[in-house]
Structures are given as C-alpha cells and as structure tokens.
Amino acid sequence: MSKPIYIMEEKLSVAPMMDWTNPHFRHLLRLVSTKTVLYTEMAVDNTVIYNTDGFLEERIGLVDPDGPAVIQLGGSDPDSLARASEILNDYGILSNHYQELNLNCGCPSNKVTQRGCFGAKLMLQPGLVRQIVHSMKRKVSCPVTVKCRLGVTNHRDTYAELVEFISEAHLGGANKFIIHCRDCVLEGLSTKQNREIPPLRYEELGRLRQDFPDLTFVLNGGVQSLDAALQHINPDSSLENDNGNSECLNTPHGVMMGRAVMHDPLLLATADTRVFGCRRDQGLSRRELLVRYGEYCDRMEGQMADIIEKKERVFHRSTTAIWNAYRRNLLGGVANIFTGIRGNKEYVKHVHPTDSDIARYFTDDYKLGEHIGGSKQMLSQYLDECTRFFSDESLDKPTAIHSDETLPSDRR
Ligand SMILES: Cc1cc2nc3c(=O)[nH]c(=O)nc-3n(C[C@H](O)[C@H](O)[C@H](O)COP(=O)(O)O)c2cc1C
C-alpha cells in the first residue's frame with residue numbers, strides 16, 4: 001500500500017514573488033519566523049529540466065536553514081511539468097528541504113501567458129489542470145497543490161466555473177488550494193494592476209470551504225498585517241460554530257501574505273507565537289539580523305564561486321557583471337528591514353550599491369571559496385557599516401514586541 005501523503009499545515013505563508021522570494025530573502029524570513037511557510041519564486045519547468053545556468057543550485061538548492069517550504073512550478077505541458085517534478089524529487093530536494101510542490105495557475109503576467117496556456121490562463125482549461133496535477137503527482141512523494149485566482153474576467157468568471165476548476169484539479173490529485181481572492185483580467189491590465197484592480201471577494205473562499213469541506217483552502221490577496229491575517233483565521237467569537245470551535249466552516253485554513261511581507265519582513269516577527277502557538281519568537285534585534293544575515297552572505301559568496309564560472313560560460317557575461325548582480329541580490333534580502341525607521345533612506349541607498357561602489361568595496365577573487373581580496377570587504381563588513389545610519393535604540397529594540405500589543409500576557 002502506498003504511504004499516505006499529508007498536507008502540511010499552512011496557517012501563515014509568504015507568497016511566491018518573482019525576484020523577491022529568492023533563497024536570500026527566504027533566509028532572512030527564516031531568521032524572523034521559524035514556522036511560517038515560505039514559497040519559492042516560480043520556477044519554470046524547462047528551467048528546472050535544462051538547469052543550464054546553475055538555476056537549481058542557485059535558486060532552489062541553497063536552503064539554509066530548514067523550515068516549512070514549498071517550490072512553485074510554472075508551465076502548461078503535463079509531461080514537462082512531470083519531468084521537472086521528477087528532477088526535484090530525484091535530487092532529494094523535495095524530500096530534504098521542501099514539503100510540497102505548487103502549480104502556478106494565477107499569474108497574469110503577459111510574459112507568462114503569451115507563452116501559451118500558462119499561469120492564470122490555465123484556469124480556462126480545468127481539464128488540462130487535472131492532467132498536469134495528475135502527472136506531477138505520479139512523480140513525487142509529496143502533495144501537489146494549486147495557486148489560482150477566483151476566475152478570469154469575461155472568460156470563466158462565475159462561481160460555478162470556479163467550482164468546476166477546483167473539482168477538476170482535485171480529481172487530478174490536488175487537495176489544497178491557495179486562492180488569490182480576485183479575478184484575473186487577461187486583456188488590458190498590467191500584471192501590477194491585476195494585483196489591485198479586480199476587487200477582492202473573500203466571501204467566495206468561504207463558499208468553497210462549505211462546498212468542499214474535505215479540501216484545504218488558503219486565502220491570499222490584500223492582507224496587510226499579522227492582525228488582519230489572524231482575523232481571517234480566527235474571526236470574532238461571534239462567528240464561532242456551535243461547538244464553540246473558533247475554526248468556522250467558512251474561514252480559511254490559512255492566510256498567505258505577499259507584498260506586505262516584502263515591504264516589511266519584520267511583520268512576521270511575532271508569527272511563531274501569535275499564529276503557530278509557539279512559546280517564543282525568534283526575537284532577533286535588527287542589529288542581530290544584520291550580523292546573522294551578513295554571516296550568511298559571506299558563506300554564499302564563497303559557495304557561489306563555482307556557479308559563477310558556470311554562468312560565465314553560459315551567458316558570456318563578464319565575471320564582474322555576474323558578481324555584481326549576485327551581490328545586489330544578496331544585499332536586497334535585507335533592504336526592507338528598517339522600513340519606517342529614521343536613517344532608512346541612507347540605508348536603502350547603501351544596500352543598493354552602484355557598480356562603482358561594488359568595485360570599490362568588493363573583490364571578485366575567490367579561490368576555492370576563500371576570500372583573498374586583501375583590503376577589500378566581505379559582505380558582512382559592508383552590512384556592519386550600515387549600523388552607522390541608525391540609533392542604538394533602533395538597532396537593539398527586540399523585534400518580537402514590535403507592534404505586538406495584542407500578545408497574551410503569558411506569551412510576552
Ligand atoms: C513582485 C511580485 C512577484 C510575484 N510573483 C509571483 C509568482 O512567481 N508566482 C505566483 O503565483 N504569484 C506571484 N505573485 C503574486 C503573489 O504571490 C500574490 O498572489 C499577490 O501579490 C497577492 O498577494 P498580496 O496582496 O498579499 O501581495 C507575485 C507578486 C509580486 C508583488
């Protein structure tokens with residue numbers, strides 16, 4: 001008999017966000033919350049299959065430290081998506097570092113949708129989604145979940161069509177759905193507008209909860225704070241069901257947050273206690289976060305030396321250009337940890353260095369992962385210099401009591 005596959009609890013997660021939820025930003029988020037589920041950026045099936053530029057190693061494989069995480073795949077061909085899933089499975093990446101695979105059926109990006117039936121366009125073909133999920137599931141030993149919209153305006157935008165989509169994906173083997181609770185507009189709106197303009201309709205997720213009591217639904221879209229997330233998961237006691245159970249039949253099983261966390265990662269600082277019921281939060285001050293993140297950057301710089309050689313061969317770009325982009329990516333991980341604090345403007349400039357800044361401060365001379373740059377800096381030193389922009393009070397204030405008035409007194 002095959003082993004039962006359990007769906008991971010996902011009371012709170014951080015959304016897949018292209019160019020944001022890379023391994024570096026996820027590393028930072030892990031320093032802030034140990035329990036929040038983290039999604040990778042979307043990985044396109046062929047990028048995983050051909051892995052020409054060290055994508056697997058750079059974007060997916062570097063996972064440190066562990067914690068609940070999900071890989072999101074994009075594509076539209078059942079065979080390619082199955083192959084990509086198999087590769088992730090065979091590498092041991094899925095079993096060691098990620099608990100679920102997610103299929104992107106919600107992305108409205110023209111770049112994505114013009115490449116065929118991809119992202120949100122998949123919502124137009126529920127039968128194809130059933131096939132895709134089925135073929136992915138056959139290759140992996142973890143759950144395959146689906147992230148989608150409520151519908152596609154002017155194409156398939158009724159509740160009955162949403163029900164059909166969920167039913168088909170479920171027939172393919174998906175038991176968990178992350179729903180960005182607005183429609184997608186394929187014509188005339190940019191990707192960015194598509195995250196704002198069609199109105200949110202959280203109530204439809206409540207209907208789905210009632211119509212599919214055995215499936216798991218995670219609410220996404222427009223959640224701005226931990227308080228708001230908690231309000232969705234544990235609404236007012238007036239909404240409790242007859243048993244006094246605060247998990248109501250029309251509340252989501254969890255909440256996924258995207259932009260709010262991107263703009264202020266420390267919003268998750270009290271998630272472990274308040275959402276997951278842990279006894280304590282990580283509680284690192286911003287100074288400690290800079291130190292721990294700086295140590296991570298130094299390790300990554302060393303490890304990246306090999307991948308950079310591969311990229312140089314594939315893309316015919318200069319080593320310096322590749323290093324610069326990589327360092328910017330690393331520094332970008334901590335770009336928003338001082339949001340709203342005096343000194344932030346200078347800090348943001350510092351962590352977005354120009355090419356000449358990079359040339360002045362850093363070296364490209366890495367041999368066998370060892371820094372041999374003479375007087376040049378390690379990224380940890382560069383980050384340490386940022387402390388000059390802030391008062392000791394801002395740097396050392398414990399983040400776990402940051403905007404945390406509602407924490408019960410026994411948890412403080
Ligand atoms: C910069 C950015 C990149 C995104 N990339 C992806 C992606 O790769 N895959 C995906 O399913 N959604 C992507 N999204 C959509 C988010 O996952 C999320 O559904 C959306 O932002 C709504 O949640 P929010 O209101 O909490 O931000 C992206 C959003 C942003 C802002």
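**View 1. Contacts across the chain of the predicted model.** Of the contacts in the protein with a separation of 6 or more, 75% are between residues 24 or more positions apart; two residues are in contact if their C-beta atoms, placed from the backbone, lie within 7 Å. Residues are numbered from 1 along each chain as its sequence is written. Because this is a predicted model, local features need pLDDT of at least 70 and side-chain atom pairs count only at pLDDT 80 or more, while totals for chains, interfaces and linings use all residues.

**View 2. The fold and its buried share.** Look here for 18 helices and 10 strands, which are DSSP runs numbered from the N terminus (helices: H or I, at least four residues; strands: E, at least two). The protein has 412 residues, and 40% of them count as buried, meaning that 20 or more other C-beta atoms lie within 10 Å of a residue's own; exposed is 12 or fewer, and partly exposed is in between, with C-beta atoms placed from the backbone.

**View 3. Around isoleucine 49.** Helix H2 (residues 45-50) holds isoleucine 49. This residue counts as partly exposed because it has 16 C-beta neighbours inside 10 Å. Leaving out residues up to four places away in sequence, isoleucine 49 touches Ser80, Arg83, Ala84 and Ile87. Alanine 84 is 35 residues from isoleucine 49 along the chain, yet their C-alpha atoms are separated by 5.4 Å.

View 4. The ligand is surrounded by 22 residues, with Ala15, Met17, Met42, Gly258 and Arg259 the closest; a residue is near if its C-beta atom, placed from the backbone, lies within 6 Å. Strand S2 (37-44) and helix H11 (259-263) each give this shell at least two residues.
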